[in-house]
Every structure is written in structure tokens, then in C-alpha cells.
Amino acid sequence: MSERILSLRCRACGATTPIAAQHACDECFGPLEVAYDYAEIARRVSRSAIEAGPPSIWRYRDLLPLDDGLEPITLGEGLSPLVHARNLGELLGLRHLYLKNDTQNPTGSFKDRVVSVAASWARGHGFDTIACASTGNLANAVAAYAAHAGLHAVVVIPADLEAAKIAATAVYGPTLVRVTGTYDDANRLGSELVDEVPWAFCNINVRPFYSEGSKTLTYETVEQLGWRLPDEIVIPIASGSQFVKADKAIRELVEIGLVDGPARTRLTGAQAAGCGPVAAAFRTGQPVTPVRSPETVARSLAIGNPSDGEDVIRAARRTGGVVESAGDEEILDSVELLARTEGIFAETAGGVTVSVLRRLAAQGRWRGDETVVAYITGHGLKTAEALDGRGGLDEPIAPSLRAFAERYGLAHAAPVPHG
Ligand SMILES: *Cc1c(COP(=O)(O)O)cnc(C)c1O
Ligand SMILES: [Zn+2]
């Protein structure tokens, strides 16, 4: 059996280096990508073998950078529902709108995919501590997966993150380091620590392996569409990694013959206006300029200096996609709209994605028969506090039929809710 995982290859200059816990090219500091032998992978995979695999991201194991023979660390992440959004689609004039509901992951966000891969690789390569700098969701996932695997976890977060995200990290018992400052400040500390301590930092030294986990969101989408590529995917952008990996995933599926090419899927990005450096650069045609003080309810996307920003713009332009942004009020409205039309409670990042869908639909981007998929990447309970003060609740009533009838009447149809 020949080798499936070849090396790390620089996305910028193409230089290769052996597989190791390293994320930047020795030649040019460009990001390193895992390079595979696709002929070997094509020999191993088939649609039916994947469909017969485990109900998690690990059904795509042959396309992930975990050496054969190493055990994955898994909590059942992935294979989340692809929901045909008939009600929201009708509002937007899209008959084939689908939502990839990644709120349905073990810790409630798509980060479980990437951490499962990173933690598995790290343990398999001798690390006993996994670490990260995080805007929240990564912290939840690192802490949970480390607990499950019996590894140590060190998590660095901005001190003022949403209370629910802090609680949903602390409960797993990691070393939880709260820093005064933004995510970018937390990440800078991580980058300094990684040179001093023998830890696997998911989004730093083991980032090439970590980020490969993002591909599974797109593999699954294509599988769930009956092995068809959608016409467009709308993807929220923080560092831009997930976006870049959607592009890689589609090219791989064509390369290994699981779907017919050429790929025509447009890749479209969504950011919050209060931290939208990639959307701004897409609009102006200028290089991505870091945002120093992110100011948005979409905290999980609030990366002011997105490492894959330029690659996102290139992939968006090459595929015919766009990168759009939306303001906070719009984001919160969209969280409610999504919940009320489709029964899916997304975190504010999901509101960003739905807002961009609405904007593009209003601009007349679609005829109506396109297959459009939106990635809903985190659960609403994580950011429930962002909805505080919206839509007042009815005053309580006495638990009597009379009090009920006085307030709501006794018509056979349900009363119309306030607001
Ligand atoms: C991390 C995250 C993303 C995307 O992150 P990238 O850094 O762009 O890969 C999207 N949605 C949520 C909820 C996230 O936590
Ligand atoms: Zn390079």
C-alpha cells in the first residue's frame, strides 16, 4: 500500500517540507497545506464505501491527514443534517435552498470537525497537550475533546467572551487563560507560547491538520445532495480557513472522481460589518487591511487579521462568488427569521450567513432554481445573550382558564403572538 499523505506544501510558493507540527513555510512564511497522493486516494474511496462508513467526519478518513492505523478522537462530530429550507427559500425566491445545520455537533459548532482532526493528529504524533487561542467555539471544542481523550488542554480567550461560551469551556476543566484584549491579542500570545512549550496549538503549529477537518462540511453537503455539487455555497468567514477548504474539498471531489467536473460552484463569503476586513477588501479591490477593534455581536467571526483573507478573495473571484457583510441589527433579525421560518436556532454567525443570503436575494442574484447551500455553523444557545431585550414577553397570567380566555380568547386557531 503506498503513501496517501505526502508532505506539507506551501500554498504561496509551492515549497514542500516533511509532515510535522509546522504551519508556516520555511522559504516564504506562506501557509502550509497537507499534500496527498490523489491517485492513491482514488483507488481507495468510492461513494458506496463512504456511505457505508461511520456517521461522522471519519467516513472521509481517506481524505483527512490522520495516518492509517492511528485512532481518531471522536465524539460523533459531523454528518449534520442538510435541511431543505422551504419557508426561508420561499421568502428569498429560492426553491432549492439548503441549510447545513452544523449547530448539531457535540459542542454545538463546526469547530468539532477541525478539533477532532487536530487532536487525533496531535495525540498520534506524541503530544499530550492541545491548546488554542479562540473566539469561543474553538475553546469549547478543544476543552471537550481533550477531556474525552484524557489530554491536557490550554485555552486562551478574550476575557469578555459571551458567558455561555466561557461556561461551556470551563466545565470540561481545561487551563482557561482569559486575557485582556481581543482575539488577535490572544492569538499573538499563542504564537509566542508555541515556540516555548511542547503543545499542539490547533490553530497555530498544527493548523495544517486542523484546517483539513473543515473540508468535511463540504464533502457531506455534496454527498447529501446525492453527490451533486451545489450552484453556490454561502460561508461565514473568521480566519477564512473554512472558505478556503470548501474550495479545496470541491477540487478534490472532482480530482478523485466522486463527482463530475468541471466544478461550477460559486463560493460566497459572509462577514459582520463590525469586523469585515475580507468583505471590505473584496469591495474595494485593495489588500486586506486588519481591523484593530472588532465591534460586532458575531463574536465567533471577530478575527481582525484573518490569515486566509487573500486566499478567500482569490477563491471567491475565481468561482464567481462574492464576499458581503451585514450589520448587527440585520444579523439579529436574521437569527430570529431563521428560527421562525425553519426551526433552527443559530448563533450570531448564522445570522451573518442568513443576512448575506437575504442581501444577495434582494439584489436579484438568483433566478430561483439554483441549488444554494448556507453553512449554519454554531448553536444559538451559545450567544443567546445577544437577543436580550428583543421582542418582549407577554406578562404572566394566573393559571386559570378565565385568565387565559381574557388574554388570548378561545378561538380554535392559536393566538397571534405579540411582536
Ligand atoms: C470558527 C467559526 C467559523 C469560521 O472560521 P474560519 O476561521 O473562517 O474557518 C464560522 N462559524 C463559526 C460559528 C465559527 O466558530
Ligand atoms: Zn512558501
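Predicted model: local features only at pLDDT ≥ 70, side-chain atom pairs only at ≥ 80, totals over all residues.
Trainee: Let's start with ligand 1. How many residues surround it, and which are the closest?

Mentor: There are 15 residues around ligand 1. The closest are K111, N137, S239, G240 and T377.

Trainee: What is the make-up of that shell by class?

Mentor: Seven residues are polar, six are nonpolar and two are charged.

Trainee: How far is the side chain of K111 from an oxygen atom of ligand 1?

Mentor: An N or O atom of the K111 side chain sits 2.8 Å from a ligand 1 oxygen.

Trainee: And the backbone? What are the distances for A238 and S241?

Mentor: A polar backbone atom of A238 is 2.9 Å from an oxygen of ligand 1. For S241, a backbone N or O atom lies 3.5 Å from a ligand 1 oxygen.

Trainee: How much of ligand 1 does the protein bury?

Mentor: Alone, ligand 1 exposes 380 Å². The protein buries 96% of that.

Trainee: Which residues lie nearest its centre?

Mentor: R11, E33, D247, K248 and R251. They belong to a lining of 18 residues.

Trainee: Which element gives the largest share of that lining?

Mentor: Helix α10, with six residues. At least two residues each come from β1 (5-10), β3 (32-36), α10 (241-255) and α12 (309-319).

Trainee: How does the lining of that pocket divide by class?

Mentor: Eleven charged, seven nonpolar and no polar residues.

Trainee: What about enclosed space? How many cavities of 30 Å³ or more are there?

Mentor: One. The largest cavity has a volume of about 30 Å³.

Trainee: Which residues line the largest cavity?

Mentor: The lining includes L332, V335, F345, E347, T383 and L387. By class, it has seven nonpolar, three polar and one charged residue.

Trainee: Last topic, salt bridges. How many does a search of the whole structure find?

Mentor: It finds 35. In general, side chains of opposite charge can pair when their charged atoms come close.

Trainee: Give me an example. Which residue does E40 pair with?

Mentor: E40 forms a salt bridge with R44. Their closest N and O atoms are 2.9 Å apart.

Trainee: Where do E40 and R44 sit, and what separates them?

Mentor: Both are in helix α1 (residues 38-44). They are four residues apart there, so about one helical turn separates them.

Methods. Residues numbered from 1 in each chain as written. Chains lettered and ligands numbered in written order. Heavy atoms only, no water. Near = heavy atom within 4 Å. Polar contact = N/O pair within 3.5 Å; in protein donor to acceptor, adjacent residues only side chain to side chain. Areas by Shrake-Rupley, 256 points an atom, 1.4 Å probe, with all protein chains shown as cover. Nonpolar A, V, L, I, M, F, W, Y, C, P; charged D, E, K, R; others polar. 1 Å grid on protein atoms, 1.4 Å probe; cavity = no way out; pocket = protein on both sides within 12 Å on 5 of 7 lines; lining within 4 Å. Points joined across faces, edges and corners; volume = space filled by probe spheres on them. Salt bridge = Lys/Arg side-chain N within 4 Å of Asp/Glu carboxyl O.
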